[in-house]
Amino acid sequence: MIDLTGRVALVTGASRGIGRAIAMKLAGQGATVIAAARGQNAAKTVEEIAALGSDAGAASAFVSNAVEKHGRIDILVNNAGIAKDQLLLRMDRAEWDEVIATNLTAAFALTQAVLKPMIRQRAGRIICISSVVGQSGNAGQANYAASKAGLIGFAKSIAQEVASRNVTVNVVAPGLIETDMTRLIAENAKDQWQARIPLKRMGTPDDIAWAVCFLASDEAAYITGQVLAVNGGMYM
């Protein structure tokens, strides 16, 4: 069984869906979880994590607050993400900039912030949540695909920079997962996507959360710079 007792984890985009499942699973394995989301969106997740014996911190400046409060940072999960789908010919600059800022630039800022304490500890786990779309591309999602593909290159580069300090950096690339976002997809379109999945089902947020728990654990100590595709075989 994965044991994360004594570890301090920061999870962004933790108010719902994949982020919420990740936060709950990490807490369930013994980690102290600081759940970050926009505004009060993380309140429900925070309350449930507190019931498991974890602690919750504010989203603003939560890296420095976490270090001050807990003395260390062991795990960062860069999960925060948005989509603003549009064909490139119709996409405006704001739609591009907002997706890149949320999905990629935020990961840069948070990763940079946690590296100092992790290097000082000579231990750390950084896990970025990408997407099958970042690997395969998808019409109407140039901004989203670019941001998620960017996370893969980002993680592989940082993995090389910090491996000598016993800090690992990996990526989980979900496929079609049952979340609020995918529930908005028209049924016929969803059926077409699902037909491409060899396992013949959509994934669940817990499928992603367990992959993150593994990469955050001691059992994954010799894995870095890798992309773990959790997509039911949708993209190989």
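Is aspartate 206 buried, partly exposed or exposed? In this predicted model, aspartate 206 has a relative accessibility of 35%, and therefore counts as partly exposed. The paragraphs below begin with the chain as a whole, return to this residue and its helix, and then move on to other places in the fold.

The protein chain holds nine helices and six strands. Of its 236 residues, 46% are buried.

Helix α1 covers residues 17-28 and helix α9 covers residues 205-216, and their axes come within 8 Å of each other while crossing at roughly 50°. Because angles under 35 degrees count as roughly parallel and those from 65 to 115 as roughly perpendicular, α1 and α9 are described as oblique to each other. The crossing in which α1 passes α9 is right-handed. On the side of α1, the residues that take part are Gly17, Ile18, Ala21, Ile22, Lys25 and Leu26, and in α9 they meet Pro205, Asp206, Ile208, Ala209, Trp210, Val212, Cys213 and Ala216. Sorted by class, this contact of α1 with α9 has 11 nonpolar residues, one polar residue and two charged residues.

Which side chains meet in a salt bridge with an N to O distance of 3.8 Å? They are those of lysine 25 and aspartate 206. Lysine 25 belongs to helix α1 and aspartate 206 to helix α9, so this pair ties together parts of the chain that are 181 residues apart in sequence. Side chains of opposite charge can pair when their charged atoms come close.

The count of salt bridges in the model comes to seven, and two others can be traced here. Aspartate 218 forms a salt bridge with arginine 7, in which the closest N and O atoms are 2.8 Å apart. Aspartate 218 lies in the loop between α9 and β6 (227-230), whereas arginine 7 lies in the segment before β1 (8-12), so the pair ties together parts that are 211 residues apart in sequence.

Another salt bridge joins aspartate 180 and arginine 16, with the closest N and O atoms 3.6 Å apart. Aspartate 180 is in helix α7 (residues 180-183) and arginine 16 is in the loop between β1 and α1, so parts that are 164 residues apart in sequence are tied together by this pair. Aspartate 180 has a relative accessibility of 39% and counts as partly exposed, whereas arginine 16, with 52%, counts as exposed.

Two buried residues give a view of the interior. Alanine 173 is placed in strand β5 (residues 167-174), and its relative accessible area is 0%, so it is buried. Leaving aside neighbours within four places in sequence, alanine 173 is in contact with Ser130, Ser131, Val132, Gln135, Val227, Leu228, Ala229 and Val230. Alanine 173 and glycine 134 are 39 residues apart in sequence, and their C-alpha atoms are 8.0 Å apart in space.

Threonine 111 has its place in helix α4 (residues 93-121), and at 1% relative accessibility it counts as buried. Not counting residues up to four places away in sequence, threonine 111 touches Leu76, Asn78, Ile126, Phe154 and Ile158. From threonine 111 to valine 169 the separation is 58 residues in sequence and 9.8 Å in space, C-alpha to C-alpha.

Arginine 122, in the loop between α4 and β4 (124-129), has a phi near 55°, which is a positive value in a residue other than glycine. Its relative accessibility is 47%, so arginine 122 counts as partly exposed. Lysine 200, found in the loop between α8 (187-195) and α9, has a phi near 60°, again a positive value in a residue other than glycine. With a relative accessibility of 57%, lysine 200 counts as exposed.

Definitions and conventions: Residues numbered from 1 in each chain as written. Predicted model: local features only at pLDDT ≥ 70, side-chain atom pairs only at ≥ 80, totals over all residues. Heavy atoms only, no water. Axes fitted to C-alpha atoms, helices over the stretch in contact; angles between N-to-C directions. Helix = DSSP H or I, 4+ residues; strand = E, 2+ residues; numbered from the N terminus. Parallel < 35°, antiparallel > 145°, perpendicular 65-115°, else oblique. Left-handed = near helix turned anticlockwise from the far one by under 90°. Contact = heavy atoms within 4.5 Å. Nonpolar A, V, L, I, M, F, W, Y, C, P; charged D, E, K, R; others polar. Salt bridge = Lys/Arg side-chain N within 4 Å of Asp/Glu carboxyl O. Buried < 20%, exposed > 50% of the residue type's maximum accessible area, 1.4 Å probe, protein only.
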